[in-house]
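Hi,

Here is the structure I promised to pass on. Have a look at it first, and then read on for what turned up.

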Amino acid sequence: MSSTTNAPVKHKSISYAGWGYFFIAPFVIVYVLCSLIPLLSTFYNSLFENYMDGLKQVGPNFIGLDNFVTLFTPRADGRLEILNYTGNTMIMWIMGAVPQIVFALLLAVIFTSERMKIKGQGFFKTVIYMPNLIMASAFAMLFFQIFSSVGPINQIIMSGGGSAYLFFDNEWSARSIIAFINFLMWFGNTTILLMAGIMGIDQSLFEAASIDGANSTQVFFKITIPLLMPIIIYVVITALIGGLQMFDVPQIITAGRGAPNNTTKTLVMALNSYIGTSKNYGMAGAVSFILFVVTGILSFIVFRSTEPKKEGKKK
Amino acid sequence: MKKRITSALLASAVILSVAGCGGNTTPASTTAAPAATDAAATEAAATEAAATEAAAADTEAAAPAAADEGDTFNIYAWNEEFKGFFEKYMPGYDASAQTLDGVKVVWTINPSDDGVYQDKLDQALQANASASAADKVDMFLAEADYILKYTDSDYTMDIANLGVNQVDTEYQYTVSAASDSNGKIKGVSFQCCPSALIYRRSIAKDVLGTDDPAEVQAQLDSWDKYEAVAKTAKDKGYYIQSSFADNYRVFSNNADSAWVTGGQLTIPAVVDQWTEQMKSFYDNGYILDTLPGVWDDGKTAEMFATGKTMCFFGPAWYFNFCMGNAQDPDKGCYGDWAICEGPMAHFWGGTWMLAATGTDNGSLVAKVMKAFTEDETVCENLIKNEGQFTNNKTVNEKFANDPDFGNAFLGNQNDTAVFCGMTDNIKFQNNTIYDQLCNEGYQDYIKQYISGAVDKDTALQNFYGYINEKYPAVQTP
């Protein structure tokens with residue numbers, strides 16, 4: 001009975017939280033179904049011995065963290081392959097991503113510059129975006145042919161009197177080719193994103209700067225970069241996540257072997273190796289979980305190192 | 001806006017195509033059985049054959065097959081070789097409709113590299129019991145490297161149940177390779193694959209002073225002699241063989257121990273012997289310094305007339321199916337080849353047809369198996385037109401003893417006669433279900449030791465790591 005008397009009081013503090021939950025519900029449901037549950041089940045799977053031996057199923061037997069122990073046990077010559085794979089992935093990503101972002105930033109500034117007013121922007125934008133439309137596997141096949149021992153590059157070298165250079169048998173030439181393909185595929189995409197970011201900056205700031213006598217270097221470092229930071233962070237994080245999942249290009253170029261000496265084998269290639277023949281869900285789950293942790297840590301570092309230090313200033 | 005429209009169109013196209021696939025399979029699965037009997041009843045061409053087949057199967061075994069024949073005959077393979085022979089020579093095959101006795105023949109072909117074919121096949125076989133009639137695997141092909149995995153499982157069936165029995169004309173090793181541990185025969189091979197040393201006549205003349213197969217054999221019948229000839233060849237500007245992996249099978253086939261025994265990986269002694277031989281061949285410049293693999297362009301380019309390589313290794317299917325460059329009308333060197341046994345007897349590959357458990361086309365499977373082993377017309381065509389060495393002794397010997405028979409590619413040498421003399425020495429032994437990836441992986445990883453990129457121990461550790469990833473059940477040193 002007392003509730004009826006209290007009713008008007010409740011109306012005073014009316015809450016729209018219910019609607020908020022309603023509107024974010026689609027995202028939450030999709031997230032839980034498509035991200036959270038798979039993530040947890042991957043971890044759950046990593047606790048089991050579960051694979052095919054030929055055509056015979058082994059397991060699933062609960063073995064705790066044994067799969068992780070196996071992954072972190074160095075092999076007989078002292079090398080820890082999981083670290084090696086993580087290192088390869090990071091190195092090839094950095095080799096591709098740094099030039100990708102620098103180059104894209106440069107192009108974005110040139111294309112959006114009011115002074116240069118480049119004609120045919122639509123054409124150039126299309127052209128630089130074009131590589132992204134080609135399948136990574138097709139790209140990898142193409143480069144494999146170009147740099148193979150009987151490919152055109154080696155034919156040029158040999159017609160000049162040299163002997164064939166085996167690009168895929170040298171650690172750094174193989175890594176460079178893989179990084180270059182990734183760079184070529186993704187710089188167009190990054191350019192478009194950064195251009196959108198630069199065009200979102202208030203034009204009057206640039207005008208004010210030039211009236212104050214700032215040269216273009218100063219404008220770039222004092223106005224463009226700071227105001228573009230949120231977009232750059234977005235670009236770096238998406239590139240990072242994409243880079244850690246690097247798979248198709250090195251897989252195809254090295255036929256899954258990660259040659260030479262496992263220096264181009266990435267984490268996802270290792271995962272694929274486990275899941276392919278023996279359907280080893282346990283080990284594959286463990287590798288995926290490590291990949292998740294690495295991605296999480298690195299994203300966190302990127303966030304921390306690039307966010308404006310407001311609190312620090314206040315103190 | 002445009003983008004939205006295109007993406008909407010794309011999305012709907014995807015949904016439609018998925019729905020389309022579903023639409024195709026679901027009705028097929030429900031109506032397959034009656035449709036099949038209808039088809040058999042109505043199609044005039046098929047009735048006779050189907051009736052006799054059905055009768056045969058009924059009397060010979062309790063197999064459920066022939067009575068209700070499925071309307072799709074699914075065959076899994078790893079290349080187009082057998083498909084080509086099947087389409088040309090299989091009695092009752094209608095090439096324009098792609099049907100065999102009125103049943104649609106569907107090929108699923110996946111490459112064998114890195115175990116892809118096995119992976120896809122395994123998935124299909126495991127789903128065979130629940131698959132719709134149109135998707136059921138009826139017959140699949142398997143190679144010596146992994147046939148054991150399938151014969152020793154419940155996914156293949158005793159072909160005696162289909163009415164196929166061993167016949168005397170088959171070579172014994174092809175039968176034992178297709179038998180499970182209880183002696184039940186699960187399939188047949190249409191080839192017998194003794195492997196020969198294939199040499200360029202013109203280069204042999206220059207290096208050895210003769211191109212006569214018997215004399216060449218006398219100079220190459222042991223590894224010591226082979227190594228000595230390699231040096232002579234190098235001095236004259238030739239390569240003894242082009243790829244480091246070319247003679248791998250010659251060694252590995254003669255192994256005293258299996259790759260995996262009791263779950264433990266051990267490298268057979270002969271494989272190690274091969275490794276050291278190739279290391280010295282590479283260091284001495286006896287082979288191509290680009291170290292191409294067996295199937296790489298760098299190696300096959302050596303088969304052109306401009307090539308400097310004297311020897312290749314392979315069975316009949318190799319020089320007929322895989323030496324296209326040598327057969328090239330402009331750049332090739334057709335007729336400049338011959339074969340001899342080489343340093344050691346060995347075999348390579350072979351294509352076995354296995355019957356998948358759960359097949360709904362049992363009588364057709366039996367018919368194909370019989371056609372390619374027992375039907376003398378088919379076997380004769382395989383030899384005459386395709387240069388094959390068949391799994392039918394009678395037919396092979398007929399050609400071997402025919403003084404007018406010769407293979408034009410080999411300068412009219414009677415290759416069938418050479419192969420007939422080699423069949424007795426073939427050993428099918430020490431096989432495991434892990435052989436394909438052990439052989440492939442070992443060659444790929446040890447190559448870096450041969451080239452000097454890494455030391456031997458690192459190369460072996462990389463190989464062990466590969467095996468650990470691919471085969472968790474196998475313990476590595």
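A word on terms before the details: the domain bounds used here come from an automatic or database domain assignment. Please also keep in mind that this is a predicted model.

Let's begin with chain B. Its two domains are each built from two stretches of sequence: domain 1 covers 46-192 + 350-394, and domain 2 covers 195-346 + 415-470. Taken over C-alpha atoms, the centres of domain 1 and domain 2 of chain B are 31 Å apart. Where these domains touch, domain 1 of chain B contributes 17 residues and domain 2 of chain B contributes 17 residues. On the domain 1 side, the elements of chain B that give two or more residues are α5 (147-151), α6 (172-177) and α16 (376-386). Of these, α6(B) gives the most, with 3 residues. By class, that side of domain 1 of chain B has 8 nonpolar, 5 polar and 4 charged residues.

Next, the contact between the chains. Chain B puts in 30 residues, and chain A puts in 30 residues. On the chain B side, at least two residues come from each of α4 (116-126), α12 (297-300), α19 (435-450) and α20 (456-470). The most come from α20(B), which supplies 7 residues. The side of chain B that touches chain A splits into 10 nonpolar, 10 polar and 10 charged residues.

Now for chain A itself, which has 14 helices and 2 strands. Its C-alpha trace spans about 85 × 65 × 40 Å along the principal axes. The radius of gyration of chain A is 26 Å, whereas a compact globule of 315 residues would have one near 20 Å.

One helix pair in chain A is worth a look on your screen. How do helix α12 (residues 267-276) and helix α13 (residues 281-306) of chain A cross? Their axes come within 8 Å and cross at roughly 165°. Angles over 145 degrees count as roughly antiparallel, and α12(A) and α13(A) are therefore roughly antiparallel to each other. The crossing of α12(A) and α13(A) is left-handed. From α12(A), the contact uses A:Leu267, A:Ala270, A:Leu271, A:Tyr274 and A:Ile275. Facing them from α13(A) are A:Met283, A:Ala284, A:Val287, A:Ser288 and A:Leu291. In this helix contact there are 9 nonpolar residues, 1 polar residue and no charged residues.

Happy browsing, and write back with any questions.

Best wishes

Note on methods. Residues numbered from 1 in each chain as written. Chains lettered and ligands numbered in written order. Predicted model: local features only at pLDDT ≥ 70, side-chain atom pairs only at ≥ 80, totals over all residues. Contact = placed C-beta atoms within 7 Å. Helix = DSSP H or I, 4+ residues; strand = E, 2+ residues; numbered from the N terminus. Nonpolar A, V, L, I, M, F, W, Y, C, P; charged D, E, K, R; others polar. Axes fitted to C-alpha atoms, helices over the stretch in contact; angles between N-to-C directions. Parallel < 35°, antiparallel > 145°, perpendicular 65-115°, else oblique. Left-handed = near helix turned anticlockwise from the far one by under 90°. Rg over C-alpha atoms; globule rule 2.2 N^0.38 Å.
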